[in-house]
Amino acid sequence: MKMFLPLTTIVALAFTSSATANDTGTPSPDLLAKAYTGKSYSPYAKRNFPERPLWGDSHLHTSLSMDAGLFGNRLPPEEAYRLARGEEVVSSTGQALRLSRPLDWLMIADHSDGMGLVGDIAAGKAQLMAYEQAARWNKGMTEGGEAGVKAAIDLIQTFSNDKMDPEMFAMYSPGAKIYKNLWEEVIADAEAFNDPGHFTALIGFEWTSLIEGNNMHRVVMMRDGPVRARQVVPFTMTAPQGSPDPRDLWKYMANYEEKTGGEILAIAHNGNLSNGIMFPLEAQWNGTEFDETYVTERAKWEPVYEITQIKGDGEAHPFLSPDDEFADYENWDIGNLDVSVAKTNEMLAGEYAREALKRGLVIESRLGTNPYKFGVVGATDSHTSLATAEEDNFFGKHTGYEPNATRMSHPFMETDAGSIIGWQMVASGLGAVWATENTREAIFDAIQRKEVYGTTGPRMSVRLFGGWDYTQQDMNSRIPAVIGYEKGTPMGGDLRVMPEGAKAPNFMVFALRDPIGANLDRIQIIKGWLDADGTTKEKVYDVSWSGDRKPDANGKVPAVGNTVDVPNANWTNTIGAAELMTVWTDPDFDPAKKAFYYARVIEIPTPRWSTYDAFRYGIELPEGAPTSTQERAYTSPIWYNPAS
Amino acid sequence: MLHFAVIGGLFFALFAAVDDSREQPADVIYISPERIDQLAAGFSSVWKRMPTQDEINHLIEEDIREEVYYREAQALGLDQNDTIVRRRMRQKMEFLIDTSTNLLVPAAGELETYFDENKQAYGRQPRLALEQIFLGAAPKPQMVDRALKALQSGSSADLSELGETSLLPAQLGLSVESAVDGVFGKGFFDLTTDLVPGEWTGPITSAYGVHIVRVLDKLPPRTPPLIEIRDIVLRNWRERKAQKVGELDYAGRRTNYTIEIQRRETEAADKP
């Protein structure tokens, strides 16, 4: 920052009133001049802002998770880390694979309930074989084939119907020595692969709250290493040690911070499978009305939301956003998590990120805190131990859906309320973190301050800055980030107080395509605001696009085209642009209204993973499966708060 | 092979010393103070507190009950041919052998030999730090020349004037190949790693277009000397040894038995 006052004045001001408060005497200007040398001449020195986004998956399951193990996952955490780090591994179905590029970080988030149980049953661990259930399942699993499948189904049903031997299950629950040892192993594996500056392994787990089949899951991420993490064990959703109520999860998290001195956060996901209870407007899932404590705690413990993953994209829905031609992207809107209850339109408003961000403004005006003031990341939630989110390298949701010729047409879930077919799985997503360095602490801190964005798999670089005096000139700088941070706030932050004479906020946004990926179609900025009558509105603005397309009468920029060669699962970068950037000013700004703005970056069409499968296996695409996809990135929002 | 017998023998001797049940006549069940301590310790590791007197008494009663049934079961021969018992006993044998390898100390020079044979596993990748000017997807050759000359002559005072605006970082600190390629596209590390540090060179093509690059710093690939990573190497050596020891130990024991396998007659198979 430039120094506006001459040095002598500063000296005088600083020391007139506090002459008695220091014991170093009164400095003279020439002494002080050496201490304040101003900004460095070199633009590269003394920079403390992030330089490149760090790519990772915050939500991966290994064979330690009950459901993953049941479906045949035999890969422990080590294999998951190896793949993420860039090595070649062999999947549970015996197929070799490697990521196109290593990830920079990974959090393995196995389900805390019954962690390790299924793997130990399959391995015939002695402490379990004394129980009739476990011995019977082990026998079936060892036999394999039909008997193995029967055993797995019996296990699932026994668990869902709460008929697990309580003593047996207690061994794999908090309080038991075996559970503590398993958690120690999880921590040890993370330590073995954590390589600060090169690859970060974050310690965490998934809290699997299910309310009558409605999804309320969160993954829980610790900032810390083994010394703090091993002072606790994960929180489960099964009584008496656990609870499905998020308030109890937050109590656990507060206790963790108090007991260990560490830091912890939670990331919710799959609002689209919660049948409306993920982002309610008036009351919690159990009917208790919101109070100030609830909204403050939720805002504090859940700074980001997982906006896209294999079980559906959660940004927007065409019913909620009928004017957004890109809102119908990979929606899973049949029902809740186990498809026990079908979806109704009234539920949708409590399920999708954009609507939740809007609801947050309403609740803030009512209770003083916005519980849905979240940034966004993408993740896979893969149960194969393989963090695959690329269309041409997709290994499915769980082991039963690793590549084979029937996975697309096989039903993923099927009940009386509805069905989801294999092709509907989404090869998504990843989280990009603008961290100052590749360490646990820096990545956690970036997520905490929401300087993050999510993509549906590709690694485009996206920067968004919001302020009051960005100009086109600022974009000519070769290092736009410097000016971005100086004049405003990056994604995830709040706009600075509106200065005198400012008319509207402006936003500097940049997007660079994935180096091995597809060109970009356009950048959009999506605005949501709270009207005077207490209702919320939204608008999608096209702010930068490739080529010389002109907006039509409604202000919409026409489609970019499509170079996808479906039979050969190929495309060319002859349309779109490698990089897009602009400074955009809100043309409809009303300083009295709370608002948020986030950027959505859309690629040109590329072959969907289903198209790759059809090509590689020489099979027909199932009915309804799209042939191409326009992958996208969603940034964390920037919020505007009217001066009170 | 000698040290296996020694280790095995050592353990059985220790086991015999600790196992106090052998010293009592068959119809006496003796619960020693040490046993009571063990029961209490097991309790408190789960419940995070010491048991009350009632709870201790209950634990002791349960222990006695278990001992009674254990002896009766043994007398009836119930431990014979029980899959669970067999498996557990195998597990205990394997555990004994496994634990004993933690005591193994490499002979003089043995660890060094192991390290030499497995050097590639301990190598650190080379790293590169560079700065770059991005000239766009398809700049005119004259433009590239001009920029190159300006940079090489050192006359351009403000580097940030040259080149196009881009999100591509103007500078990358020391990074491994996957990090450099992750930013600029596959192959960029290879194109730049042999450049003379401190000199501007171009045109160099990335996935995005044309660049002029100056390497700032290089870290060659390096295998740290054994002394720096002795703990890790020792641990790996022990793991490898444990495996070998396990196999040799089993092979040795197996020779004590004459093995006969009688298979059923099956149809001649068209099996591959």
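The model is predicted.

**Chain B**

Chain B holds 9 helices and 4 strands. Read from the N terminus, its elements run α-α-α-α-α-β-α-β-α-α-β-β-α. The chain has 272 residues, and 15% of them count as buried. Take the contacts in chain B between residues at least 6 apart in sequence: 65% of these join residues at least 24 apart.

**Where chain B meets chain A**

Chain B gives 25 residues to the contact, and chain A gives 30 residues. On the chain B side, the elements that supply two or more residues are helix H2 (33-47), helix H4 (83-101) and helix H7 (177-184). The residues of chain B that touch chain A divide by type as follows.

| Residue type, side of chain B that touches chain A | Count |
|---|---|
| Nonpolar | 12 residues |
| Polar | 10 residues |

**A sheet in chain A**

An open sheet of 4 strands lies in chain A, with the order E19-E18-E20-E23 and antiparallel pairing. Which strands stand at the edges? They are E19 (488-490) and E23 (579-585) of chain A. Each has a single partner strand, so one side of each is left without a neighbour in the sheet. Neighbouring strands of this sheet are turned by 15° against each other on average, direction ignored.

Strand E18 (residues 461-467) of chain A runs antiparallel to strand E20 (residues 506-512) of chain A, and 7 bridges join the two. Within chain A, Gly466(A) stands opposite Phe507(A) in E20(A).

**Nonpolar cores**

The largest nonpolar core has 165 residues. Which of them touch the most other members? They are Leu106(A), Met221(A), Ile443(A), Val509(A) and Ala511(A). Strand E24 (residues 595-603) of chain A gives the largest share of this core, 7 residues.

Leaving out residues up to four places away in sequence, Val509(A) touches Arg463(A), Leu464(A), Ile523(A), Ile525(A), Val543(A), Met581(A), Thr582(A), Trp584(A) and Ala599(A).

A second, separate core has 5 residues. Among them are Val560(A), Val564(A), Trp571(A) and Ile604(A).

Conventions. Residues are numbered from 1 along each chain as its sequence is written. Chains are lettered from A and ligands numbered from 1 in the order in which they are written. This is a predicted model: local features need pLDDT of at least 70, side-chain atom pairs count only at pLDDT 80 or more; totals for chains, interfaces and linings use all residues. A residue is buried if 20 or more other C-beta atoms lie within 10 Å of its own, exposed if 12 or fewer, and partly exposed in between; C-beta atoms are placed from the backbone. Two residues are in contact if their C-beta atoms, placed from the backbone, lie within 7 Å. Two strands pair if DSSP finds at least two bridges between them. Axes are lines fitted to C-alpha atoms, for helices over the stretch in contact, and angles run from 0 to 180 degrees between N-to-C directions. Ala, Val, Leu, Ile, Met, Phe, Trp, Tyr, Cys and Pro count as nonpolar, Asp, Glu, Lys and Arg as charged, and the others, Gly among them, as polar. A nonpolar core is a set of buried Ala, Val, Leu, Ile, Met, Phe, Trp, Tyr and Cys residues joined through C-beta atoms within 7 Å.
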